[in-house]
Amino acid sequence: MYKLPASEITPEHLFRSRRQFMRNAGALALGSLALAACGGTSDQPAASAGGTAAGATAVPGATNGQTDELGDALTPYDAVTGYNNYYEFTTDKEGVAALAQNFKTTPWTLEVGGLVNKPQKIAIEDLLKRYPQEERIYRHRCVEGWSMVIPWTGFALNKLLKDVEPTAQAKYVRFQSVMRPEEMPGQSSVWYTWPYVEGLRLDEAMNDLALMVTGVYGKPALPQNGAPLRLSVPWKYGFKSIKSIVKIDLVDEQPTSLWMNAASNEYGFYANVNPDVPHPRWSQSTERRIGELSRRKTLPFNGYAEQVAKLYDG
């Protein structure tokens, strides 16, 4: 179990640097990002809930700079960058950072195509210039039963999707990570179908909460955090938040993800956070917030029901 000593609390100068990062993000050369591959849940959408927890606002990511909108404190920087699920490198959460040190994040090009009117190939530097970066403090809930509160920097996925103009036939969005076994030793594992693939329904991807992440804690993302471009879908278990994305395709059939291929009875397509639906091997009713000793109750849709529950009506 990861134990966070008091000495790892983020220095004030790192915390305050995020404001400068947001002003200058268009000119930054990216580092990296990661925090998913967190296992999965059954293929059942979370039950609709009437709204967010008491005290929450209706604004996704609304914060005072030090907490999320529920008043929960940020997870310290050293934990966010030192405790990572990233099977492309290793299954050891505390071993990812060391193995990712030599991962090359530049040059980097994102290809967006499939059922769109305007397919594009975009360099990461041009993405930063095209889409103004904003900060979102999101809760991150792993299917393994642990969680974090993370200040991401990035831009809404729907901005990119609107620019490529999905056709009427497009129903899903398929994401694909980079394939570099020479830099990612975990990709030599025969237990998984590489490269990493994930997917969303198009209406899920168009929700304002779905974020293309380029930074963390006001700084360019690090390789262990999925740099230079990852996804955050905070109402779903963490394995849906695919890292190091190189390709996005609009498709008409539901994509089959890496984890669905690995164990379809445990890793479903929807993977919405649902405390009432247990994983086949453990309960999902509670979670361990990294940096805390006790467990806390898990919220439907990870506390974002007001923004997303309507997607699953009926």
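Analyst: Helices (H or I, at least four residues) and strands (E, at least two) are DSSP runs, numbered from the N terminus. This is a predicted model, in which local features need pLDDT of at least 70, side-chain atom pairs count only at pLDDT 80 or more, and totals for chains, interfaces and linings use all residues. Residues are numbered from 1 along each chain as its sequence is written, and side-chain values use heavy atoms, with hydrogens and water left out.

User: How many helices and strands does the protein chain have?

Analyst: The elements are counted as the DSSP runs defined above. On that basis the protein chain has eight helices and twelve strands.

User: What percentage of the residues of the protein chain count as buried?

Analyst: Buried means under 20% relative accessible area, exposed over 50%, and partly exposed in between (1.4 Å probe, protein chains only). Accessible areas come from the Shrake-Rupley method with a 1.4 Å probe, and for residues only the protein chains shown count as cover. The accessible surface of the protein chain is about 12500 Å², with 50% belonging to carbon and sulfur atoms. Of the 314 residues, the buried share is 59%.

User: Among contacts with a separation of 6 or more, what share comes from residues 24 or more positions apart?

Analyst: Contact means heavy atoms within 4.5 Å. For the protein chain, the share from residues 24 or more positions apart is 77%.

User: Which residues is I248 in contact with, leaving aside its neighbours within four places in sequence?

Analyst: I248 is one of the residues that touch the most other members of the largest nonpolar core. Beyond its sequence neighbours within four places, the contacts of I248 are L110, E111, V112, G113, L160, V173, R174, F175 and M212.

User: What is the volume of the largest cavity, and which strand gives the most to its lining?

Analyst: On a 1 Å grid over the protein atoms alone, a cavity is a set of points where a 1.4 Å probe fits but cannot get out, and lining residues have an atom within 4 Å of a point. Grid points are joined across faces, edges and corners, and a volume is the space filled by probe spheres set on the points. The structure holds one cavity of 30 Å³ or more. The largest cavity has a volume of about 40 Å³, and the strand giving the most to its lining, with three residues, is strand 3 (residues 134–141).

User: How do the residues of that lining divide by class?

Analyst: The lining consists of R139, H140, R141, W152, S232, V233, P234, K236 and S241. Ala, Val, Leu, Ile, Met, Phe, Trp, Tyr, Cys and Pro count as nonpolar, Asp, Glu, Lys and Arg as charged, and the others, Gly among them, as polar. The division is three nonpolar, three polar and three charged.

User: Is A271 buried or exposed?

Analyst: A271 is found in the loop between helix 7 (258–262) and strand 11 (286–289). Although A271 is not a glycine, its phi is positive, about 55 degrees. Because its relative accessible area is 0%, A271 is buried.

User: Why does S244 count as buried?

Analyst: S244 lies in the loop between strand 9 and strand 10 (245–251), and has a positive phi of about 45 degrees although it is not a glycine. S244 is buried because its relative accessible area is 0%.

User: What is the C-alpha to C-alpha distance between G199 and K240?

Analyst: G199 lies in strand 6 (residues 197–201) and counts as buried at 2% relative accessibility. Leaving aside neighbours within four places in sequence, G199 is in contact with residues including K240, P255 and F269. G199 and K240 are 41 residues apart in sequence, and their C-alpha to C-alpha distance is 7.5 Å.

Definitions and conventions. On a 1 Å grid over the protein atoms alone, a cavity is a set of points where a 1.4 Å probe fits but cannot get out, and a pocket is an open set with protein on both sides within 12 Å along at least five of seven lines; lining residues have an atom within 4 Å of a point. A nonpolar core is a set of buried Ala, Val, Leu, Ile, Met, Phe, Trp, Tyr and Cys residues joined through side-chain atoms within 4.5 Å.
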